[in-house]
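Could you walk me through this protein?

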Amino acid sequence: MDLILVALFVTAGFASLFMAWVIGAGSSGATPFAPAVGANAIATMRAAFVVGLLGFAGAVTQGANVSEAVGQGFVHGVSLPPSAVILVLAIGAGLMVVGIKTGYPIATAFTVTGAVVGVGLALGGVPAWAKYRQVGAVWALTPFVGGGIAYAIASLLPREDVPEHLSVPLLAGAVGAVLANVRFAFLGPDGTAGSLAGATQRALGTDGLVVPVVVTVALAGAVAAVVGVQIRRDEAAGLRRVLLGLGSLVAFSAGGSQVGLAVGPLLPLLDGVTAVSTLGVLVAGGLGILVGSWTGAPRMIKSLSQDYSSLGPRRSIAALVPSFLIAQVAVLLGVPVSFNEVVVSAIIGSGAAVGGRDAVDARKIGVTVGAWALSFGVAFSLAYGIVVLTPIG
């Protein structure tokens, strides 16, 4: 019996690594730098190499919140056994493979969330309604918020009365202000998560908002100044560098957001196992994403870059800014998000700003949204049905 249990644990670990590989090789590994490749700002293989490293860094330093939510926050009162964890990961990865083969935009966040909830409820767990409302709100608002921000930015950048040597640095400065308050592992007290602004305040031994505000403004000003110099010196080269910087931030955020979908289901198995820490699991998941990005993402980056090449650097910047912001909000809240949903919504918003309704394919949008909804529904139904009909629990 012990050998069977060990075999199940090992199988669950390999299933988690395979899921991490799929995430790295899929849209989460390809999307962040596809606009930059399409704009000829970076070569495909170099983009895959960089996105893998950044995804690994994001997984290790920001992956805990989403991982804990996926592993323990969706259903109360039950702990998934190894067989159920394998089922969750098999359904999630299997549906992703089907999406890649058929060309349908299957969303990893939706498949894994649906599978976790389906398995947990089938095992007799109690629904986590507060978390469901939070997740549902983020999923529902993402297209409107992301598309709206992208629309506003794409409408602003080409205007003659708003010079780009002013608008682009201001936009970059706003991203820098957010970055000063993003939470990273080890920057908080006693090795917990914390922000650069908060860490500076603790180092100075002060209270209140003065130091965080000063750090935020200083970082925003420094980023804006550097970008401003680049844009004034060479506008085209400056825009490409901004695009690369935003792609890097989105790749980093993707690692922090998506690793939880691969390793989160494993966390309940580690309760009481002192030899394996959450950090160790995140490192393993990050390595899976890294390998997936290096081995599987180049082909998808090249494919996606052809679609992105028509966007140009300005529309790509408009799409990546809200992608970074939404990903960081999701990481902070511990909500798994689909990068398909985040980036596609932003691209639609930036496209509508430039080309109006003619630039938006209503049929394609409908198919995409339908595939997202179907991702969750099929994963939930499969997971619930298999647990009910078999002795898997």
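Predicted model: local features only at pLDDT ≥ 70, side-chain atom pairs only at ≥ 80, totals over all residues.

Let's begin with the helix pair. Two packed helices are described by the angle between their axes and the distance between the axes. Here the axes of helix 9 (residues 164-180) and helix 15 (residues 312-333) come within 11 Å and cross at roughly 20 degrees. Because angles under 35 degrees count as roughly parallel, helix 9 is roughly parallel to helix 15. As for its hand, the crossing of these two helices is left-handed.

Now zoom in on the side where they touch. Helix 9 brings Glu164, Leu171, Val175, Val178 and Leu179, and these meet Arg314, Ile317, Val321, Phe324 and Leu325 of helix 15. Sorted by class, the residues of this contact are eight nonpolar and two charged, with no polar ones.

How many cavities of 30 Å³ or more does a search of the whole structure find? There are two, and the largest cavity holds about 60 Å³ of space.

To locate the largest cavity on your screen, follow the helices around it. Helix 1 (2-25), helix 2 (27-30), helix 4 (44-62), helix 12 (235-263) and helix 13 (278-295) each give at least two residues to its lining. Helix 12 supplies the largest share, with four residues. Among the lining residues you can pick out Ile23, Ser28, Val51, Gln258 and Ser293. The lining of the largest cavity has seven polar and five nonpolar residues, and no charged ones.

Notes
Residues numbered from 1 in each chain as written. Heavy atoms only, no water. Axes fitted to C-alpha atoms, helices over the stretch in contact; angles between N-to-C directions. Parallel < 35°, antiparallel > 145°, perpendicular 65-115°, else oblique. Left-handed = near helix turned anticlockwise from the far one by under 90°. Contact = heavy atoms within 4.5 Å. Nonpolar A, V, L, I, M, F, W, Y, C, P; charged D, E, K, R; others polar. 1 Å grid on protein atoms, 1.4 Å probe; cavity = no way out; pocket = protein on both sides within 12 Å on 5 of 7 lines; lining within 4 Å. Points joined across faces, edges and corners; volume = space filled by probe spheres on them.
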